[in-house]
Amino acid sequence: MRGKYFSYISLVCASLLMATACTKDGDYEVPKPKNELQNDCIKRSLGPNLVGLNIEFAYAIGIPAAKGKLVSAQVVASIPGVQVKPGDQANSATYLQDSSFYTNGSGVDVPVKVGDRSVTKEGANVVTFTKDTNAVTLRYFYRIPEEARGRTVKFTFTATSSNGETVSYDMGPYTIAKMDMKLNLTPTNNNKCYLSIADLALYNAAEAAANPDKIDLVYLYRNLSVQFGHALVAPAAPKDYLPGVTLPANVNRDTKLSKAWNVQDFHLAGLKYGTTFVDDVDFEKLDMSASPDFALGLKEEGGVWVETSDGKYRAYIFVNKVDNTAQSARISIKRYTLK
């Protein structure tokens with residue numbers, strides 16, 4: 001669940017509450033606001049930081065009206081975020097928003113444009129204010145680049161005012177996850193049914209025959225008198241778990257699987273759940289030494305932990321949807337590279 005936008009007003013109120021909490025009973029005194037340019041920042045995004053997703057912040061700035069107005073704000077990341085390229089879709093790169101927000105009577109956050117569109121200058125995302133304003137809260141979206149995978153990143157937020165004052169606020173360091181993610185693959189029975197964890201892709205029989213060393217699992221649907229339904233099975237599993245399947249030549253890996261329930265990852269589940277995340281540490285602690293090489297009877301919103309036969313990858317496959325009529329499923333994957 002996402003919180004409401006942080007505002008300069010809330011910044012001031014928080015300061016007041018903190019001052020109240022620190023005052024002895026009977027000695028309360030309304031604190032005097034600082035007569036200078038001030039700033040504060042919060043991180044709004046939750047969960048592990050994945051390459052290709054955003055880390056989101058709200059940056060609040062304010063100065064007493066008698067002291068001047070805001071001139072500009074900027075953010076510098078220790079590892080530059082993904083930048084806008086020709087043809088990119090909106091909001092697909094790193095930027096500092098040029099609008100501030102207030103919450104109306106219906107609880108809706110309403111943007112108010114206060115500056116020029118964010119530009120990148122010498123590694124900084126900069127907004128120059130065009131409105132005569134002395135208090136704003138800007139949102140900053142850092143699109144995590146491949147270069148940051150497995151590393152930490154820090155941010156320095158800075159604001160300047162018309163009276164020449166400058167303030168800065170440091171955030172981080174934040175660890176960027178090592179894992180990859182692939183959303184919304186659609187395996188189909190007897191067609192696109194060969195899953196490669198290495199490639200995070202599905203193949204048909206001909207494609208699997210051309211890439212036998214990359215095929216870790218076979219998806220199949222069987223409506224049998226015993227529980228079978230939607231299943232993921234290692235190519236090397238006993239034939240009883242691969243009824244009617246003729247494997248392409250040299251497709252023979254022995255992948256381990258372990259079914260899971262109530263692991264409804266926020267990223268994989270399509271943002272339906274706000275409190276559960278699969279993170280790097282979950283893969284690092286996983287023990288699949290005694291796991292079987294098949295997982296039958298898969299259900300929607302269930303999942304499967306996976307370890308490839310060469311020990312290179314662990315993965316968590318979330319089942320977004322199953323379709324008995326079409327004999328297919330929709331799955332999303334987080335993958336962690338062990339070596």
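1. Ser100 is part of strand β5, which covers residues 99–103, and the structure in which we find this strand is a predicted model. Because its relative accessibility is 10%, Ser100 counts as buried, the cut-off for that word being under 20%.

2. What does Ser100 touch, once residues up to four places away in sequence are not counted? Its contacts are Val110, Pro111, Val112 and Val114, together with Val136, Thr137 and Leu138.

3. Turning to the nonpolar cores, the largest has 39 residues, and the members that touch the most others are Tyr194, Leu195, Leu220, Val306, Ile317 and Ile333. Several strands each supply at least two residues of this core, among them β13 (194–196), β15 (217–222), β20 (313–323) and β21 (328–337). Apart from this core lies another, of 30 residues, which includes Tyr140, Phe157, Ala159 and Tyr174.

4. Leu220 deserves a separate look, and again residues up to four places away in sequence are left out of its list of contacts. Leu220 touches, among others, Phe228, His230, Val233, Tyr241, Leu242 and Val245.

5. On confidence, the protein chain has an average pLDDT of 89, and 89% of the residues score at least 70. Over residues 1–23, however, the pLDDT is below 50, although this stretch has 33 contacts in the model beyond near neighbours in sequence. Where pLDDT is low, predicted coordinates should not be read in detail.

How values were computed
Residues are numbered from 1 along each chain as its sequence is written. This is a predicted model: local features need pLDDT of at least 70, side-chain atom pairs count only at pLDDT 80 or more; totals for chains, interfaces and linings use all residues. Side-chain values use heavy atoms; hydrogens and water are left out. Helices (H or I, at least four residues) and strands (E, at least two) are DSSP runs, numbered from the N terminus. Buried means under 20% relative accessible area, exposed over 50%, partly exposed in between (1.4 Å probe, protein chains only). Contact means heavy atoms within 4.5 Å. pLDDT is the predictor's confidence in each residue, from 0 to 100. A nonpolar core is a set of buried Ala, Val, Leu, Ile, Met, Phe, Trp, Tyr and Cys residues joined through side-chain atoms within 4.5 Å.
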